[in-house]
Amino acid sequence: MPHPGNLGHWWLTTASSWERLHAVPGDAVDADDEDACDELRMYALTLTARCGVRAVMAWPGLGSRLALPRCGHCCRILGIPAGPGTPGNRAEILGQRPIDKTKVKGAR
Ligand SMILES: [Zn+2]
């Protein structure tokens, strides 16, 4: 989903190859439009990624979102390092550390 952790982008893979995650601008598909999201799930949308790749895009499942390498061109354009998984799943990209629950008031 194109939330801030994903730099406002969808991270999708091409339906034909499933090799890497490309950054597709968040406004390419309205995340609040169930019909549009269904079309994305059914490989019915041809979209253009930041790097210029234009293809039928697939919305990968969790395993692929964690493991597929991000497109290096898309990463360069967005100013983040290349690596595996969506940015939203990579705390180091966001400059955040995992929450240490021992230091959170009231948490046990
Ligand atoms: Zn790309």
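Strands here are DSSP runs of E at least two residues long, helices are DSSP runs of H or I at least four residues long, and both are numbered from the N terminus. Two strands are said to pair if DSSP finds at least two bridges between them. The structure is a predicted model, in which local features need pLDDT of at least 70 and side-chain atom pairs count only at pLDDT 80 or more, while totals for chains, interfaces and linings use all residues. Residue numbers start from 1 along each chain, following the sequence as it is written.

## The sheet

The protein contains four helices and four strands, and from the N terminus on its elements follow one another as β-β-α-β-β-α-α-α. The four strands make an open sheet with antiparallel pairing, and their order in the sheet is β2-β1-β4-β3. Because β2 (22–25) and β3 (46–48) stand at the edges with a single partner strand each, one side of each has no neighbour in the sheet. From one strand to the next the twist averages 65 degrees, where the axes are lines fitted to C-alpha atoms (for helices, over the stretch in contact) and the angles run from 0 to 180 degrees between N-to-C directions.

Strands of a sheet pair through backbone hydrogen bonds, in either a parallel or an antiparallel way. In this sheet, β1 pairs with β2 over four bridges in the antiparallel sense, and β1 also pairs with β4 (residues 54–58), again antiparallel, over two bridges. The hairpin of β3 and β4 has five residues between its strands, and in that turn Gly52 has a positive phi of about 105 degrees. Some of the residues that stand opposite each other are listed below.

| Residue | Opposite residue | Strand of the opposite residue |
|---|---|---|
| His9 | Pro25 | β2 |
| Trp11 | Ala23 | β2 |
| Thr14 | Met57 | β4 |
| Thr46 | Val56 | β4 |

## Buried parts and the core

A residue counts as buried if 20 or more other C-beta atoms lie within 10 Å of its own, as exposed if there are 12 or fewer, and as partly exposed in between, with C-beta atoms placed from the backbone. By this rule, buried residues make up 25% of the 108 residues in the protein. In β1, six of the six residues are buried, so this strand is largely enclosed by the rest of the structure.

In soluble globular proteins, nonpolar side chains tend to be buried together. A nonpolar core is defined as a set of buried Ala, Val, Leu, Ile, Met, Phe, Trp, Tyr and Cys residues joined through C-beta atoms within 7 Å. The largest such core in this model has 15 residues, and Leu12 and Val24 are those with the most contacts inside it. At least two residues of this core come from each of β1, β2 and α3 (72–78), and β1 gives the most, with three residues.

Two residues are in contact if their C-beta atoms, placed from the backbone, lie within 7 Å. Once its neighbours within four places in sequence are left aside, Val24 is in contact with His9, Trp10, Leu12, Leu47, Ala49 and Met57. Among contacts between residues at least 6 apart in sequence, 47% join residues at least 24 apart.

## Residues outside the strands

Most residues other than glycine have a negative phi.

Pro4 sits in the segment before β1 (9–14), and Pro4 counts as exposed because it has 10 C-beta neighbours inside 10 Å. Although Pro4 and Gly88 are 84 residues apart in sequence, their C-alpha atoms are 7.9 Å apart in space.
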